[in-house]
Amino acid sequence: MVERIQRKNSTKLFSNYRKMSELQNIRKLIESKKLREADLAIKKLGSEYLKNSEYLILRAIMFKIQKNYYLSIDTLLIASEFDEKEEIYQLLSEIYSYLENDELAKKLSDKKIAHSALTELKNEMSGIYRK
């Protein structure tokens, strides 16, 4: 019984390590401007990543690069449901700056009020992330 539990925990740990390794490789591809490779790699990942904030952030980065700003925003809002990472606020701020919503961009970039600005944004939007 104990051995089965240890095997199960070991398998889960390896699976988590594999996921993080794949995501780190995709981030490196994006950082080195190998965008086609990164896009193909991220599209190959399975549905087990859909609740992984790092995966969602990488998808949002790709959407932003492709100028799919509203899809990127929805993806980041979904990511924020699973994890509160500073990178989410930063990306949202950049996108809203591109969209010329400087007031919201400024709020999202201010660490003191970013969380409340995001909460306010979620309350105003009836977006995909809540469905």
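Biologist: Leaving aside neighbours within four places in sequence, which residues is L76 in contact with?

Modeller: In this predicted model, L76 is in contact with I57, A60, I88, L91, L92 and I95. The term applies because heavy atoms within 4.5 Å count as a contact.

Biologist: How do you know that the span of helix α5 agrees with its number of residues?

Modeller: Helix α5 covers residues 86–98, which is 13 residues. The expected span is 1.5 Å times one less than that number, so α5 should span 18 Å; its end C-alpha atoms are 19 Å apart, which agrees.

Biologist: Which residues in α5 are called buried, and why?

Modeller: They are I88, Y89, L91, L92, S93, I95 and Y96. They are called buried because each has under 20% relative accessible area. Their cover includes α3 (53–65), α4 (69–82), α6 (102–109) and α7 (114–124).

Biologist: What makes the pattern of the chain α-α-α-α-α-α-α?

Modeller: The chain has 7 helices and 0 strands, and that pattern is what one reads along the sequence. Of the 131 residues in the chain, 38% are buried.

Key: Residues are numbered from 1 along each chain as its sequence is written. This is a predicted model: local features need pLDDT of at least 70, side-chain atom pairs count only at pLDDT 80 or more; totals for chains, interfaces and linings use all residues. Side-chain values use heavy atoms; hydrogens and water are left out. Helices (H or I, at least four residues) and strands (E, at least two) are DSSP runs, numbered from the N terminus. Buried means under 20% relative accessible area, exposed over 50%, partly exposed in between (1.4 Å probe, protein chains only).
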